[in-house]
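Hi everyone, thanks for coming. I'd like to walk you through a few spots in one structure, so let's bring it up.

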Amino acid sequence: MHVTYISILPKSENSRSRMTDNCEAVMDLLFLAAKDVLQIPDTDIIVELNSCSTVSFNRAAVHSGAAPDVVIKIATSDHYLQPRFQTLCDRVVEGWNSHFGDIKLEVWVSLIDAWGTNADL
């Protein structure tokens, strides 16, 4: 059983609104990047858009411009895919910049060491 889970985490109400207004384009960009780079089946990819839960960033992060507008978290249970993580990040950033270049993005890719489900997949 495999899974790649992608979460879109807006860090402001403005970025949440932009992500909601462009939900299909954002989800398609992330889904296709994962599918193409990781070479995994459609049924192994889940993409979700979250509400903004960020209340504030620390002053230093804001003043230095380090605070992102959106964080994309991509987690997979397939450890053998780890060598492709940088390519996946590059692909997401490139696609993002062509659609949403004015929204500051961070992409975090990680491994899920263990997981379980009660769904028949």
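Where is Gln 39 found? Gln 39 sits in the loop between α2 (23-38) and β2 (45-49); helices here are DSSP runs of H or I with at least four residues, strands are runs of E with at least two, and both are numbered from the N terminus.

A quick word on the source: this is a predicted model, where local features need pLDDT of at least 70, side-chain atom pairs count only at pLDDT 80 or more, and totals for chains, interfaces and linings use all residues. Residues are numbered from 1 along each chain as its sequence is written, and side-chain values use heavy atoms, with hydrogens and water left out.

Gln 39 has a phi near 55 degrees, a positive value in a residue other than glycine. Most residues other than glycine have a negative phi. Gln 39 counts as exposed because its relative accessibility is 60% (exposed is over 50%, buried under 20%, partly exposed in between, with a 1.4 Å probe and protein chains only).

Next, strand β3 (residues 70-76), which holds Thr 76. Thr 76 is buried, at 1% relative accessibility. Leaving aside residues up to four places away in sequence, its contacts (heavy atoms within 4.5 Å) include Val 3, Leu 81 and Phe 85.

Finally, helix α4 (residues 85-100) carries both Trp 96 and Phe 100, four residues apart, about one turn of the helix. Trp 96 is buried at 1% relative accessibility, and Phe 100 is buried at 3%. Thanks, friends!
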